[in-house]
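Please consult the sequence and structure shown here alongside the text.

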Amino acid sequence: MFPRPIQKSSPVAQWVYTIALPVALILWLFPLLGVALTSLRPASDLAQGNYFGMPSGIAWENYVFIFTKTPIGKYMVNSLWVTIPTVIGAVSLSLMTGFALAVYGFRANILVFFMFVAGNFVPFQILMVPVRDMTLNLGMYNTWYGLALFHIAFQTGFCTLFMRNFIKALPFELIEAARVEGVSEWRIFWYIVLPLMRPAIAALSVLVFTFIWNDFFWATVLTQGVDSQPITAGLSSLNGQWIAQWHLVSAGSILAALPPVAMFFLMQKHFIAGLTLGAVK
Amino acid sequence: MTGVTLEGVVKRFGDVQVIHGVNLTVEDGEFCVFVGPSGCGKSTLLRMIAGLEETSSGSIRIGARDVTYIDPSERGVAMVFQTYALYPHMTVAENMGFGLKMTGHPRAEIDRKVAEAARILKLEPLLDRKPKALSGGQRQRVAIGRAIVRGPEVFLFDEPLSNLDAELRVEMRVEIARLHREIGATMIYVTHDQVEAMTLADKIVVLRAGRIEQVGKPLDLYNNPDNRFVAGFIGSPAMNFVAGVAEAGSVATRGLGQVATSVALPAKGAEVTVGLRPQHLKIGPGDTHRVELTEALGGVSYVHLSAPSGEKLIVERHDQVSLEPGAMVGLSFDVRDAMLFDKDGLRLR
């Protein structure tokens, strides 16, 4: 059996394991714990230089403050306006491109697929100026849909790679069986392929949601101001506003981290293995 | 109901030609079986009839319609796949009704046809199950049910029983034979198992390397094969072959001695192969052949012998005599049972 249960390994290995696991966990979680702790520190602690020690008190009012006195609510809404259309757009587009690339053996298939993949190799930083100019010319600068549109464009390459490979792994006889039964290609896509893609759609949605929600680069390049900036860019402007008030920025960061986590738990029930069990053999 | 006609059908994959101009007529209501060894093109030919593979040249007709360049969905065929290809996210009933639902049939009609197919295949208690909760035989029946429901003109079976265990295979074979009697549709069935071919077929098509070797009724192929390949492929255990040389009115072999014959032999000294079925050989007194192994199956025993020439022979016996390996025996046979083939494998008559 693999992996072997730790109880069955040598005493030395068990001993190393019991030490190494907590160490790794603490290392991994340390920054997050630090931010969480800071978000609950009273401002006076930071002023006195108590950055890493025990807080002198629990300051829930930090959270109340950022909601009442800063536009963090608006930033969150902006983020959702960018993220949700991007997830829907990128996933649905890549389902279709993936289906076409996986199912049809047309002449330029491999070339088109390669271009989708190759797009991922372009470092997007070098596109900063042209993309900004393009959005300006299109009149989409500083709008949620401008940002969403460019995110969709950039994400579809990776998503297509993911979807194409997933569809390729489905038993092809299912599609052939449906074809012989007289089912049109669109209906095969809708009634046969889509239901079997549920785990892939869920996984990709979570992934893309997290990518876009956490995106800072394009958010700062393509938007400015409270009206359109998403939370990542918004947080940094909070930072500028209260130069020494890290406790508020921390509280904002913790809040900003919640939606991707929520998304994960929302989609978790769709991560099912063996959906195609019983299809063949 | 309609038959299927193939005319000069050719299939190329790039530069490689795998089907070399096949001509074949499958009559209306006939059960036609394609047999041949792996890679002989029988599945490809079936998939061409289904429309899942493009036909490189030649024409395919179903009834009077030329379907060579028509999409699979419009050919009016139903296909049962080797791997069943059931839709895993649908119940048995949904699997069977899916095709009709997609082609816009009313709900009541679908339900009626599904119920009818379920009755024929004894699937009624399973209608609400998903494929993963079914056994191999049940899945196969659902796959067949899905074909029946649409009431197609032609049924295509692509090695439908090869994933089942031996016992179930026999059971399903009987079931498919019954189905053919009940429905009476044209059926084309691909298998590499010649027992399936012999038991199910009205007409067997023996294929080798993309060419038809012989077409005929099962027993005609067995009794009167046109060439050495068909003779060796049809019949189990396979026909014994012994190499020999033509002489005047007889064939000289090292494996079986002198074989007298009345057929027209090629010129003296030409290579001739003598073929004898295992049941036509009789073990008798003598010391020409060595016993290698005896397989006693109860009702029938197979004795494996090696001839003086080193050739292997199998003798079928209907008793339970056990011969020690290494024992020397003699062989006799009726020369009228011997079939002769020339050096190209063609039958000499």
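Residues are numbered from 1 along each chain as its sequence is written, and chains are lettered from A and ligands numbered from 1 in the order in which they are written. The model is predicted: local features need pLDDT of at least 70, side-chain atom pairs count only at pLDDT 80 or more, and totals for chains, interfaces and linings use all residues.

**Domains of chain B**
- Seven residues from domain 1 of chain B and eight residues from domain 2 of chain B form the contact (C-beta atoms, placed from the backbone, within 7 Å).
- According to an unreviewed UniProt entry, residues 4-234 of chain B carry the annotation "domain: ABC transporter"; such annotations may be inferred rather than shown by experiment.

**Helix pair in chain A**
- Helix 4 (residues 72-103) and helix 7 (residues 144-168) of chain A pack at about 35°, with axes 6 Å apart (helices are DSSP runs of H or I, at least four residues, numbered from the N terminus; axes are lines fitted to C-alpha atoms over the stretch in contact, and angles run from 0 to 180 degrees between N-to-C directions).

**Interface between chains**
- In the interface, 21 residues of chain A contact 26 residues of chain B.
- On the chain A side, helix 8 (172-180) and helix 9 (185-196) are the elements giving two or more residues.
- Helix 8 of chain A provides the largest share of that side, six residues.

How values were computed. Two residues are in contact if their C-beta atoms, placed from the backbone, lie within 7 Å.
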